[in-house]
Amino acid sequence: GASSMDVVRLVEEIRQKCGGLQLQNEDVYMATKFADFIQKVVRKLRGEDQEVELVVDYVSKEVNEMTVKMPYQCFINGQFTDAEDGKTYDTINPTDGSTICKVAYASLVDVDKAVAAAKDAFEKGEWGRMNARERGRLMYRLADLLEENQEELATIEALDSGAVYTLALKTHIGMSVQTFRYFAGWCDKIQGSTIPINQARPNRNLTFTKKEPLGVCAIIIPWNYPLMMLAWKSAACLA
């Protein structure tokens with residue numbers, strides 16, 4: 001308890017002395033040597049730890065009294081990119097058969113790239129090393145962003161799946177928001193069980209279960225509730 005208060009004080013003093021530089025307690029716990037910690041502070045001051053800005057090409061449409069912007073490329077290793085062989089296909093609005101836009105048609109090569117990137121992120125990435133409470137905070141933030149942009153998302157969902165807009169707003173998007181919030185609450189409550197298997201003295205043997213992620217998985221997203229199905233599957237994995 002005392003040491004954790006010292007960490008909080010150190011983080012706060014760094015923020016005050018370094019022009020509002022934001023640190024987390026984990027930045028101290030994960031750099032326990034003074035030299036390592038100073039290097040982390042210097043890198044943050046230089047902006048070296050900032051992520052590269054995500055570049056996204058959109059297809060824009062005027063619909064439902066708003067401009068909706070829809071990415072159309074593959075999303076692999078944190079970037080939007082065309083399919084390896086450049087192929088595309090038409091994604092259709094099922095209400096009238098019109099083409100919404102051309103979408104990148106992923107090949108086996110693209111799938112292999114995505115799986116390799118996901119495996120690398122699973123084994124070496126920030127998410128798996130992150131404090132469970134911080135994971136929960138970020139998932140709550142994602143739910144807030146979904147809710148803030150629910151009208152645009154519902155409009156895109158209605159175009160893509162053929163759903164009635166009000167249904168997409170309440171169900172497709174609304175339930176996605178609630179799903180991410182539900183699993184965000186589980187992040188720091190995932191635990192196993194300790195099970196006595198022999199009470200005989202002197203050993204009093206027991207066994208225990210431990211819940212942990214297996215690794216990369218492929219998630220199939222049906223056409224009828226794309227965002228909601230994505231939320232049901234990916235929120236649990238992220239938690």
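**Close-up views of a predicted model**

The side chain of Lys233 comes within 2.9 Å of the backbone oxygen of Ile220, a polar contact being a pair of N or O atoms within 3.5 Å in which, within protein, one must be able to donate a hydrogen and the other to accept it, and residues adjacent in sequence count only if both atoms are side-chain atoms. The model is predicted, with local features requiring pLDDT of at least 70 and side-chain atom pairs pLDDT 80 or more, while totals for chains, interfaces and linings use all residues. Residues are numbered from 1 along each chain as its sequence is written, and side-chain values use heavy atoms, without hydrogens and water.

View 1. Beyond its neighbours within four places in sequence, Lys233 contacts Ile219 and Ile220 (heavy atoms within 4.5 Å). Lys233 is partly exposed, at 34% relative accessible area (buried is under 20%, exposed over 50%, partly exposed in between; 1.4 Å probe, protein chains only).

**View 2. Cysteines Cys237 and Cys217.** The closest cysteine sulfur to that of Cys237 belongs to Cys217, at 4.1 Å, too far for a bond. The structure holds 0 disulfides (cysteine sulfur atoms within 2.5 Å). Cys237 is partly exposed at 49% relative accessibility.

**View 3. Crossing of helices H6 (residues 132-148) and H7 (residues 150-161).** The two axes come within 5 Å and cross at roughly 75 degrees, so H6 and H7 are roughly perpendicular (65 to 115 degrees). Leu146, Glu147 and Glu148 of H6 meet Gln150, Glu151 and Leu153 of H7.

Terms used. Axes are lines fitted to C-alpha atoms, for helices over the stretch in contact, and angles run from 0 to 180 degrees between N-to-C directions. Helices (H or I, at least four residues) and strands (E, at least two) are DSSP runs, numbered from the N terminus. Angles under 35 degrees count as roughly parallel, over 145 as roughly antiparallel, 65 to 115 as roughly perpendicular and the rest as oblique.
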